[in-house]
Amino acid sequence: MADRGGSVVVGMDIGGTSIKMGLVTKAGETLVTSKVRTGVLDNEAAFAEVQGAVAALVGEAGLGASDVAALGVDVPGVVLEDGTLAMAPNITLDLNGLLACLGSAFPTARIAALNDANAAALGEAWLGSGDASGSTVMVTLGTGVGAGVVIGGRVIAGAHGAAGEIGHINVEPSETEACNCGCHGCLEQYASARGLICLYREECEKDGAEPVEIAHTTDALAVFEAARGGNAQARRACERVGHYLGRALAAVAVVVDPDAFVIGGGMSGGWDTLGEACVERYREVAIVSCKDTPIRPASLGNDAGFLGAARQAILAL
Ligand SMILES: [Zn+2]
């Protein structure tokens, strides 16, 4: 496909309650960003609002619709290789409708869509902690555990959009509790915010210790803080998360053998409490040829999504 002439690219990271968007150059320089709150995205009025926000972003940089060469969108759902949204359990979104609206407002732009964890991985591979030309596996630790696999600078979505579902690798065969996916002993049961808190409560119970105050079921920060303060049970819980993660990465290494692993998401804010255990366990169990693969915390924060979405659109040019 010939270059469409536009000089800038819009990246949009669509979440459950807001959209973070950025206007970037094809080389990856961010010009302006904005964040808009959203409700359900399944009607013309909502699409028009989003379209207005994108137009405002482009206008802020002193540019117009015809300057936009490409527009990439990431969503919290399963997106197939052809850009079709197959499943999005946590958001009300008519992706085709939204993209049609954006397409009519930016007629010269190539439009692309992908899953949000894949976008974050692509963003980190392009401009962050990953490997720009090689392969990067990024694991996003948050409310759940998502992941993205980038090979040769491109995201691998898989035949059913399930490539890189690292959160559902079995790391504990003896687990009796079921994961959201129906299996038992998935990484997500331990390395998510909820998982960390469960492990922490388990450790407290073992020692007969009173847990620190935890504000809600995903308040991982409280456990990280306790671990930093030397709380023995919190430290052990964080270490266990690291060990499970290291074990899962070793399983991924024999399939993908990436140039780098990147750990992102809200839980990566506790990398100082779990990173060492992760790397240690990884080196212990990984196949010998992959033992030295770097495992790094993500570096783009919340910008990884819109940057990856923009990159996906650039790759479609
Ligand atoms: Zn699972």
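Two strands pair if DSSP finds at least two bridges between them. Keep that in mind, please. This model is predicted.

Let's start with one such pair. Strand S1, residues 8-14, is joined to strand S4, residues 68-75, by 6 bridges. The two run parallel. Look at Asp13: its bridge partner in S4 is Asp74.

Now widen the view. S1 and S4 belong to an open sheet of 5 strands. Read across it and the order is S3-S2-S1-S4-S7, with mixed pairing. Which strands stand at the edges? They are S3, residues 30-37, and S7, residues 110-115. Each has a single partner strand, so one side of each has no neighbour in the sheet. On average, neighbouring strands here are turned by 15 degrees against each other, direction ignored.

Two helices pack on this sheet. One is H1, residues 44-60, which touches S1, S2, S3 and S4. The direction of H1 makes about 35 degrees with that of S2. The other is H9, residues 304-315. H9 touches S1, S2, S3, S4 and S7, and its direction makes about 130 degrees with that of S1.

Zoom in on one residue of S4. Leu71 sits in that strand. Is Leu71 buried or exposed? Its relative accessible area is 0%, and buried means under 20%, so Leu71 is buried.

S8, residues 136-141, and S11, residues 260-264, pair in the parallel sense over 5 bridges. There, Val137 stands opposite Phe261 in S11.

How far apart in space are Leu71 and Cys278? They are 36 Å apart, C-alpha to C-alpha, and 207 residues apart in sequence.

On to the cores. In soluble globular proteins, nonpolar side chains tend to be buried together. Here, the largest nonpolar core has 45 residues. Those with the most contacts inside it include Val139, Leu187, Leu249 and Tyr282. Which element gives the most to this core? Helix H7 does, with 11 residues. Take Leu249: its contacts, close sequence neighbours aside, are Val139, Phe261, Ile263, Cys278, Tyr282 and Ile295. A second, separate core has 31 residues, including Met12, Met21, Val58 and Ala109.

Last stop, the zinc ion. Its protein donors are His168 through ND1, and Cys179, Cys181 and Cys186 through SG. They lie 2.0 to 2.3 Å from the zinc. Why do we call the arrangement tetrahedral? Because the 4 donor atoms subtend angles of 106 to 116 degrees, and the cut-off asks for all angles between 85 and 135 degrees. The ideal tetrahedral angle is 109.5 degrees.

In sequence the donors are spaced H-x10-C-x1-C-x4-C. His168 and Cys181 both lie in the loop between S10 and H4, so the pair ties together parts 13 residues apart in sequence. Both are partly exposed: His168 at 29% relative accessibility, Cys181 at 38%.

Definitions and conventions:
Residues numbered from 1 in each chain as written. Predicted model: local features only at pLDDT ≥ 70, side-chain atom pairs only at ≥ 80, totals over all residues. Heavy atoms only, no water. Helix = DSSP H or I, 4+ residues; strand = E, 2+ residues; numbered from the N terminus. Axes fitted to C-alpha atoms, helices over the stretch in contact; angles between N-to-C directions. Contact = heavy atoms within 4.5 Å. Buried < 20%, exposed > 50% of the residue type's maximum accessible area, 1.4 Å probe, protein only. Core = buried A, V, L, I, M, F, W, Y, C linked by side-chain atoms within 4.5 Å. Donors = N, O, S within 2.8 Å, 3.2 Å for Na, K, Ca; no water. Tetrahedral: all angles 85-135°; square planar, octahedral: opposite > 155°, others 65-115°. Lists of a residue's contacts leave out its neighbours within four places in sequence.
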